[in-house]
Amino acid sequence: MKQMIFAIEDDPALQELYIYSLENEFDCRCFDDGDSFSAALAEAVPDLVLLDVMLPGEDGFAILARLKENSSTAQIPVIMVSAKGEEPSKVKGLNMGADDYIAKPFGVLELIARIKANLRRTGKPEAESLAYKDIIIDFSKHIITINGKLINATLKEYNLLSFLCGNAEKVQERETIFREVWGEEFFGETRTLDIHIKELRKKLAEAESSAAIQTIRGVGYMLS
């Protein structure tokens with residue numbers, strides 16, 4: 001069975017591009033606005049969402065916020081799509097929980113590579129759980145607890161912390177983290193990693209964790 005992609009995009013030409021370019025590898029359904037998307041979401045949960053920022057009615061940021069606030073949809077990978085390529089718009093989307101950001105116009109090969117890179121990390125790991133200090137990652141339930149507190153994390157934050165926990169007390173180069181968490185075809189901004197690290201540090205601090213993510217200047221990061 002092909003993985004399902006939901007695309008919220010009000011431009012008919014781009015909807016046609018999505019369906020035509022993705023049909024060989026994915027099932028793709030397109031929606032003009034947040035209302036039609038929400039109606040479809042009540043019947044089926046997609047494997048990934050392509051979400052335009054500028055939409056009639058609710059904009060993409062509002063839809064993203066609703067997705068991340070709902071426990072049943074919070075872990076769905078979301079790629080924001082917009083003609084707004086400036087950094088503030090990208091940072092806003094990433095800080096709100098988007099897993100990636102692609103600016104129009106984009107190439108079909110880049111789009112497919114971004115989708116595959118974000119879907120690659122959704123497979124169930126072999127181990128049932130992973131623990132480091134007061135951090136417990138339960139792969140069977142796909143949840144993180146710190147000091148017994150359930151942590152609300154995006155899919156990328158979940159995968160990033162899982163990777164750091166699995167390699168705790170070992171320095172991980174930025175390139176290695178991008179390859180293992182985002183996928184080898186990652187084309188995004190290099191600040192993407194720093195933004196996600198900042199959010200994880202905030203959540204570790206709020207949960208009063210004894211673990212900390214250290215910056216190894218010029219190299220990468222280490223969980224200790």
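Chat notes

Analyst: Let's start with leucine 150, which is exposed, at a relative accessible area of 60%. Exposed means over 50% relative accessible area, buried means under 20%, and partly exposed is in between (1.4 Å probe, protein chains only).

User: Before we go on, what sort of model is this?

Analyst: This is a predicted model, where local features need pLDDT of at least 70 and side-chain atom pairs count only at pLDDT 80 or more, while totals for chains, interfaces and linings use all residues. Residues are numbered from 1 along each chain as its sequence is written, and side-chain values use heavy atoms, with hydrogens and water left out.

User: OK, back to leucine 150. Which strand is it in, and what is it in contact with beyond its neighbours within four places in sequence?

Analyst: Leucine 150 is in strand β9, residues 149–151. Strands (E, at least two residues) and helices (H or I, at least four) are DSSP runs, numbered from the N terminus. Setting aside neighbours within four places in sequence, leucine 150 has contacts with Ile143, Ile144 and Thr145. Contact means heavy atoms within 4.5 Å.

User: Switching topic: how many salt bridges does the structure hold?

Analyst: There are 9 salt bridges. A salt bridge here is a side-chain nitrogen of Lys or Arg within 4 Å of a carboxyl oxygen of Asp or Glu.

User: Show me one. What does aspartate 52 meet?

Analyst: Aspartate 52 forms a salt bridge with lysine 104, at 3.3 Å from N to O. Aspartate 52 sits in strand β3 (48–52) and lysine 104 in the loop between β5 (100–103) and α5 (108–120), so the pair ties together parts 52 residues apart in sequence. Aspartate 52 counts as buried at 3% relative accessibility, whereas lysine 104 is partly exposed at 26%. There's also a network of salt bridges that links Glu9, Asp52 and Lys104.

User: Nice. Which residue does aspartate 99 pair with?

Analyst: Aspartate 99 meets lysine 68, at 3.9 Å from N to O. The aspartate 99 end is in the loop between α4 (87–95) and β5, and lysine 68 is in helix α3 (60–69), so this bridge ties parts that are 31 residues apart in sequence. Both aspartate 99 and lysine 68 are buried.

User: And what does arginine 174 do?

Analyst: Arginine 174 and aspartate 194 meet in a salt bridge at 2.8 Å, N to O. Aspartate 194 is in helix α8 (191–206) and arginine 174 is in helix α7 (174–182), so parts 20 residues apart in sequence are tied together. Each counts as partly exposed: aspartate 194 at 28% relative accessibility and arginine 174 at 22%.

User: Last one, the overall picture. How many helices and strands does the chain have?

Analyst: The chain has 8 helices and 12 strands. Of its 224 residues, 49% are buried. The C-alpha atoms fill a box of roughly 50 × 35 × 30 Å along the principal axes. Among contacts with a separation of 6 or more, 59% come from residues 24 or more positions apart.
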